[in-house]
Amino acid sequence: MARVVVDVMPKPEILDPQGQAVANALPRLGFAGVSDVRQGKHFELEVDDSVDDRTLERIAEGFLSNPVVEDFVVRRVES
Amino acid sequence: MKVGVITFPGTLDDVDAARAVRLAGAEPVALWHGDADLRGVEAVVVPGGFSYGDYLRAGAIARFAPVMGEVVAAARRGMPVLGICNGFQVLCEAGLLPGALLRNAGLHFVCRDQTLRVERTSTAWTGSYEQGVEIVIPVKNMDGRFTASKSTVDELEGEGRVVFRYVGGNPNGSVGDIAGICSTDGRVVGLMPHPEHAVDALTGPSADGLGIFRSVLGSVPA
């Protein structure tokens with residue numbers, strides 16, 4: 001078994017109003033110095049040894065993210 | 001003419017869509033997400049709602065439903081397919097239409113009567129309108145901001161594949177005020193606003209939406 005993390009983020013050129021709302025709220029809450037926030041998704045997958053990197057790539061690209069508007073990164077974090 | 005209306009878990013507007021099909025003079029046929037069977041229909045409406053709770057992304061799970069495999073195959077053969085709101089999101093996720101629908105720029109769920117301009121009448125779903133006519137139908141969504149790469153938007157505009165455009169205020173920040181688009185052959189159309197909620201004056205702001213369902217009657221050989 002291994003834990004795999006997939007992080008999905010809106011592409012840099014895509015407007016992220018949720019991230020902007022968080023960024024705009026921080027000064028009001030007394031937190032200074034945060035110039036930008038981007039909001040994405042974080043997936044943790046428990047996979048067995050039969051799942052190879054190519055399969056993980058297909059899961060991330062074909063299902064967990066929408067490549068039209070999102071980028072993804074796949075990481076194996078423990079084995 | 002038989003027009004299929006798909007129901008997924010979480011679909012909301014299948015009943016209104018079926019009613020609109022009936023008022024337009026066609027026979028609505030209920031299609032179930034779990035059945036890989038189009039039951040002999042000649043066109044398909046993918047209605048609005050929150051299929052699979054919008055989990056992961058709006059439309060991301062519905063596109064893998066057994067019925068969608070049949071819809072994609074039929075659309076590739078030229079069957080008219082209309083995606084409304086969540087149905088539009090499903091068609092984009094399924095690759096039948098380009099681009100994606102993201103969270104409204106204002107972060108609010110927007111529900112109001114919306115003016116649209118019909119930009120293209122040579123599609124399976126807009127043939128009964130006059131070019132450039134303005135219609136008023138409801139818009140109601142959270143994730144309605146049409147987004148695509150610049151090259152895709154340029155292609156849509158250049159090929160005249162923007163079918164509907166918002167007039168009098170863009171409700172969600174869609175690029176180019178785009179409310180609806182079509183496939184290269186004009187047989188697959190998706191739009192965020194809801195024509196099925198504007199098919200008679202008693203229950204809608206107008207009957208302007210009925211023309212979409214009437215149009216498809218003339219789009220397939222008798």
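Start by selecting Asp200 in chain B. Asp200(B) is partly exposed, at 21% relative accessible area. Keep in mind that this is a predicted model.

Arg19(B) and Asp200(B) form a salt bridge, with 2.5 Å between the closest N and O atoms. Arg19(B) sits in helix α1 (residues 14–23), while Asp200(B) sits in the loop between β11 (188–191) and α5 (210–215), so this pair ties together parts of chain B that are 181 residues apart in sequence.

Next, select Glu93(B) and Arg57(B). Their side chains meet in a salt bridge, 2.8 Å from N to O. Glu93(B) belongs to helix α3 (residues 86–93) and Arg57(B) to the loop between β3 (43–46) and α2 (66–76), so the contact ties together parts 36 residues apart in sequence. Buried or exposed? Check Glu93(B) and Arg57(B). Glu93(B) is buried, at 13% relative accessibility. Arg57(B) is buried too, at 11%.

Move to helix α4 (residues 150–158) of chain B. Select Lys150(B) and Asp154(B), whose side chains form a salt bridge of 2.7 Å, N to O. These residues are four apart in the helix, so about one helical turn separates them. Lys150(B) is exposed, with 62% relative accessibility. Asp154(B) is partly exposed, at 41%.

Now pick a group of four. Arg117(B), Glu119(B), Glu157(B) and Arg165(B) are linked in a network of salt bridges. Side chains of opposite charge can pair when their charged atoms come close.

Switch to a cartoon view and select strand β9 (residues 162–167) of chain B. How many of its six residues are buried? Six of the six are, so the strand is mostly covered.

Show the strands that pair with β9(B). One is β6 (residues 110–118) of chain B, which runs antiparallel to β9(B) and is joined to it by four bridges. Select Leu116(B) here: it stands opposite Tyr166(B) of β9(B).

Another partner is β10 (residues 178–182) of chain B, also antiparallel, with three bridges to β9(B). Which residue of β10(B) is the bridge partner of Phe164(B)? Select Gly180(B) to see that partner.

Finish by turning on side chains along the strand. In a regular strand the side chains alternate between the two faces of the sheet.

Note on methods:
Residues are numbered from 1 along each chain as its sequence is written. Chains are lettered from A and ligands numbered from 1 in the order in which they are written. This is a predicted model: local features need pLDDT of at least 70, side-chain atom pairs count only at pLDDT 80 or more; totals for chains, interfaces and linings use all residues. Side-chain values use heavy atoms; hydrogens and water are left out. Buried means under 20% relative accessible area, exposed over 50%, partly exposed in between (1.4 Å probe, protein chains only). Helices (H or I, at least four residues) and strands (E, at least two) are DSSP runs, numbered from the N terminus. Two strands pair if DSSP finds at least two bridges between them.
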